[in-house]
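Please keep the sequence and the model in view while reading.

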Amino acid sequence: MISPWDRWYSTSCCLCCHVRTGTIILGIWYMLINAVVLLILLTALSDPDQYHYHMTRVELANNFDVMDDANVCIATAISLLMILICGMATYGAYKQHAAWIIPFFCYQVFDFALNTLVAISVLVYPDTVQDYLQQLPGNFPYKEEIMSTNNACLVFMVLLFIGCILAFKAYLIGCVWNCYRYVSGRGSTEVLVYVTTNDTAVLLPPYDEIVAVPPKEPPPQYVSA
């Protein structure tokens, strides 16, 4: 009987590339995003007055009033940690070290759980969608049109959007998990096996690399004179 883990196991992702390649691309993409966030946070730390001035011009200062120095430092540390985790996953997939991929996989599961809680909170408390829309700046595109939409329809659209995001995140989790299984399985098959007898110790290659030896031909039959 095939287990569910083996049923969903595949060495390809996005219908075209290998799971190792997909994990490397995903790790680099996450590193780029966190690097941009880190650059913005470092700019806010180096020149907070100029940063607050630019946020005021785009009428987003209310959303950044709570971003004091302590919160910016915490966000900077989180961005650095994320860059480290994504770099470990990229290096682990490239060099085929399975243990280096585990932190990135755990982060994906944690992020998926948080988004699932957001979807549950929207489903349980649908009025939070309207509260969030009211906190948006006045120049937000189509804000009035969105707020005039029926609340049930608006909640359905938000849940549909979050559901698509969760499905995509679940697919990425599966790709990283398949990469981990591939790398760990490949590492285990490369281990050489020692077969010890009473007199000698023979070093055998992996089972997949054993070349089948053709059987010996039987000796010719004895013909009596």
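What percentage of the 225 residues of the protein chain count as buried? In this predicted model, the share is 23%. The protein chain exposes about 16,400 Å², and carbon and sulfur atoms supply 68% of that area.

The secondary structure comprises 9 helices and 4 strands. Along the sequence, these elements follow the pattern α-β-β-α-α-α-α-α-α-α-α-β-β. Among contacts between residues at least 6 apart in sequence, 66% join residues at least 24 apart.

The interior may be considered next. In soluble globular proteins, nonpolar side chains tend to be buried together. The largest nonpolar core here has 17 residues, of which L26, F104, C179 and V183 touch the most other members. Helix 2 (19-46), helix 5 (69-95) and helix 9 (151-189) are the elements that give two or more residues to this core. Apart from this core lies another, of 6 residues, including V122, V129, L136 and L154.

Two residues show how these contacts are arranged. When residues up to four places away in sequence are not counted, F104 touches L26, Y30, I85, C86, A89 and V176. Q108 is found in helix 6 (residues 102-124). Is Q108 buried or exposed? Q108 has a relative accessible area of 5%, which is under the 20% limit, and therefore counts as buried. On the basis that leaves out residues up to four places away in sequence, Q108 touches L26, L172, I173 and V176.

Key:
Residues numbered from 1 in each chain as written. Predicted model: local features only at pLDDT ≥ 70, side-chain atom pairs only at ≥ 80, totals over all residues. Heavy atoms only, no water. Buried < 20%, exposed > 50% of the residue type's maximum accessible area, 1.4 Å probe, protein only. Contact = heavy atoms within 4.5 Å. Areas by Shrake-Rupley, 256 points an atom, 1.4 Å probe, with all protein chains shown as cover. Core = buried A, V, L, I, M, F, W, Y, C linked by side-chain atoms within 4.5 Å.
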